[in-house]
Amino acid sequence: MLLLPDKALLAGLLQRYRAWERLVLAQPNNLARRRRLEDLAYTLCVLMGRRTAREAIIAAELHLGLSRSDGSAAEWAQDR
């Protein structure tokens, strides 16, 4: 059984991840921004027990009860 993180902590991490993701998209060659995004992705992976940032984000959204407009979270949950 996997222990899940506090929802407030997880929501804050997701919010920071998305903010840094936007910054990296705005300046993809900025290595400092890219490293910060990778650090946040790693933290999400560890907290959610997933191997990739995408899987960790989907798992975090499911844990928080967030819906994804593209339906991928629901599809991912059905595959598990």
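Start by selecting G49. This glycine follows helix α2, and its phi is positive, near 65 degrees. Keep in mind that you are looking at a predicted model.

**Step back to the helix before it**

Now select residues 31-48. This is α2, with 18 residues. From its first C-alpha to its last, the helix reaches 25 Å, close to the 26 Å expected at 1.5 Å a residue.

Go to the start of α2 and show the side chain of N30. One of its side-chain oxygens comes to within 3.1 Å of the backbone nitrogen of A32.

Color L37, L40, A41, L44, C45 and M48. These residues of α2 are buried. Turn the view until you look down the axis of α2. The buried residues fall within an arc of 140 degrees, so they line one face of the helix.

What do the buried residues of α2 pack against? Show residues 7-26 and 53-64: the partners are α1 and α3.

**Two stops on the buried face**

Select A41, in helix α2. Its relative accessible area is 12%, so A41 is buried. Leave aside neighbours within four places in sequence, and A41 is in contact with Y17 and A53.

C45 counts as buried because its relative accessibility is 12%, under the 20% cut-off. Its C-alpha atom is 5.0 Å from that of A56, a residue 11 places away along the chain. Beyond four places in sequence, C45 touches R50, R51, T52, A53 and A56.

**Into the core**

Which residues of the largest nonpolar core touch the most other members? Select L10, L14, Y17, L44 and M48; the core has 16 residues in total. The elements giving two or more residues to this core are α1, α2 and α3. The largest share, six residues, comes from α2.

Stay on Y17 and show its surroundings. Leaving out residues up to four places away in sequence, Y17 touches L37, L40, A41, L44, A53 and I57.

**Across to α3**

Move to H63, which has its place in helix α3. Is this residue buried or exposed? Its relative accessibility is 19%, so H63 counts as buried.

**Zoom out**

Finish with the whole chain in cartoon view. There are four helices and zero strands. From the N terminus on, the order reads α-α-α-α.

How many of the 80 residues count as buried? The share is 29%. Take the contacts between residues at least 6 apart in sequence: 49% of them join residues at least 24 apart.

The accessible surface of the chain comes to about 5,600 Å². Carbon and sulfur atoms account for 52% of that area.

Methods. Residues are numbered from 1 along each chain as its sequence is written. This is a predicted model: local features need pLDDT of at least 70, side-chain atom pairs count only at pLDDT 80 or more; totals for chains, interfaces and linings use all residues. Side-chain values use heavy atoms; hydrogens and water are left out. The expected span of a helix is 1.5 Å times one less than its number of residues. Buried means under 20% relative accessible area, exposed over 50%, partly exposed in between (1.4 Å probe, protein chains only). The arc is that of the directions from the helix axis to the C-beta atoms. Contact means heavy atoms within 4.5 Å. A polar contact is a pair of N or O atoms within 3.5 Å; within protein, one must be able to donate a hydrogen and the other to accept it, and residues adjacent in sequence count only if both atoms are side-chain atoms. A nonpolar core is a set of buried Ala, Val, Leu, Ile, Met, Phe, Trp, Tyr and Cys residues joined through side-chain atoms within 4.5 Å. Accessible areas come from the Shrake-Rupley method with a 1.4 Å probe; for residues, only the protein chains shown count as cover.
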